[in-house]
Amino acid sequence: MSGTTTNPGGAVHPAGAAPSGTAGTVGRAGAATGGDPLAALRAAARARTEARAASKAAHAARRTENARPQRSADELRAIVERGQAELHGSGLGAADEATAEQVVAWAVREFGDSIAVACSMADAVLPHVVAQQAPWVDVLFLETGYHFPETSGTRDAVEQQMEVTIVDVLPQLTVAQQDEAHGKDLWSRDPAACCAMRKVEPLTRTLGEYEVWVTGVRRDEAPTRTNTPLVTWDEKNGLVKINPLAAWSFDDLLGYAADHQVILNPLLNDGYPSIGCAPCTRRVAPGEDPRAGRWAGLDKTECGLHV
C-alpha cells in the first residue's frame, strides 16, 4: 500500500520573462541547476528517502543477526512480575507510577526487537513514543477491509514519515470472500463474529512472532478500561502486554501530538475520538463517552482485542 505524497509546483516563465524579486532569484538558481528550479528539492527528497532505506535495512540486518529463540511463558510471566514491581509504583494512577517513556525503556531493555506495536491509525502517537527508543519497531495495522479512507491515508503517511516498520495484518478471507461464505455485511448482523474474523484471529496469529505487544489503551476511554495496568500478562495471546499511555487523557494525547508534530487521523477533528471500521463507527456527541460511537445501539463496546 503506497503512501500519499505532495509534489510542490511553481510557475514556469518564458526566457527573459521571469519577474523581479524572489521569483527572479529562484529562476537564476534554477538556471544554475539545468533550468529546473525544483532540482535541489528533488535531490534533497531523494537523499532523505535513500537515508531512510539504508537505516531500515541496517536495522533489519542487525535484528536478524541478534535474533534469539522466544522465551517460555513462565519466563515471560516472571518478567511481567518484575515489571509490575518496577513500573506500577504505589498503584494504578499513583504519582510514582512510571511514565510512558519509562515503560517503553523497560520494554526495550527486556525484549529488544521482539516488540510489536498495535496501532489503529486513529493517530500515530503510540508508534512515535515507542520509536523514540526503538527505531523501526514493527507497527501492526489490522487491515480489515472496512477502514475509512482517512485511516488508510494515515497509515500510509506514518509509513512514509516515521521510523517504523508497518506490518499489514490481514484476515484469512477478503471482504468479498467473507460475504460469500457468511452473507453480505456480516458486521450488521453479527459484529462480534466479524471482529473475530477480521481483527482478533489475524492479530492473535501475528502476535505469535513476538514476546510483547504494545497498545494505546487508555483508562479514560471507557469504564471497561478504567483499571488498565501498565504491564500485564496476556493469557489469551500468550505474551506480555504493555499499555504505556494508560494514564494519559485524550488531551494528553493531543498535546503530545502537537508538541512533537505527530500525525493525527483527520477524523479526530471531525467528531470521532475513537475510530474503528467505517460501518461500525459514528460521530460522538459532546459529553458522550469517547467510545460511544463504536457499535452504537448494540450491546458491544469492545472488538475483542483487549478482553
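A cavity, for this tour, is a set of grid points where a 1.4 Å probe fits but cannot get out. This is a predicted model, and a search of the whole structure turns up two such cavities of 30 Å³ or more.

**Stop 1: the second largest cavity.** Its volume is about 110 Å³. To find the spot, select Cys 195, Lys 199, Cys 277, Cys 280 and Trp 295, which sit closest to the centre among the 14 lining residues. Now colour helix H9 (residues 191–207): five of the lining residues belong to H9, the largest share. Sorted by class, the lining has eight nonpolar residues, three polar and three charged.

**Stop 2: Thr 281.** Select Thr 281, in the segment after helix H10 (250–260). Is Thr 281 buried or exposed? Its relative accessibility is 9%, so it counts as buried, the cut-off being under 20%. Leaving aside neighbours within four places in sequence, the contacts of Thr 281 are Phe 148, Tyr 272, Ser 274, Ile 275, Gly 276, Gly 293 and Arg 294. Keep Ile 275 highlighted for the next stop.

**Stop 3: Thr 151.** Jump to helix H6 (residues 149–161), where you'll find Thr 151. Thr 151 has a relative accessible area of 1%, so it is buried. Which residues does Thr 151 touch, leaving aside neighbours within four places in sequence? They are Ser 120, Met 121, Phe 141, Asn 265, Leu 267 and Ile 275. So Ile 275 is in contact with Thr 151 as well as with Thr 281. Draw a C-alpha to C-alpha line from Thr 151 to Ile 275: it spans 8.3 Å, though the two are 124 residues apart along the chain.

**Stop 4: helix H4.** Select residues 100–111, the 12 residues of H4. From first C-alpha to last, H4 reaches 16 Å, close to the 16 Å expected at 1.5 Å a residue. Its buried residues are Ala 100, Val 103, Val 104, Ala 105, Trp 106, Ala 107, Glu 110 and Phe 111. What covers them? Show helix H3 (73–87), helix H5 (125–131) and strands S1 (115–118), S4 (212–214), S5 (231–234) and S6 (239–242), which are included in that cover.

Note on methods:
Residues numbered from 1 in each chain as written. Predicted model: local features only at pLDDT ≥ 70, side-chain atom pairs only at ≥ 80, totals over all residues. Heavy atoms only, no water. Helix = DSSP H or I, 4+ residues; strand = E, 2+ residues; numbered from the N terminus. Buried < 20%, exposed > 50% of the residue type's maximum accessible area, 1.4 Å probe, protein only. Contact = heavy atoms within 4.5 Å. Expected span 1.5 Å × (residues − 1). 1 Å grid on protein atoms, 1.4 Å probe; cavity = no way out; pocket = protein on both sides within 12 Å on 5 of 7 lines; lining within 4 Å. Points joined across faces, edges and corners; volume = space filled by probe spheres on them. Nonpolar A, V, L, I, M, F, W, Y, C, P; charged D, E, K, R; others polar.
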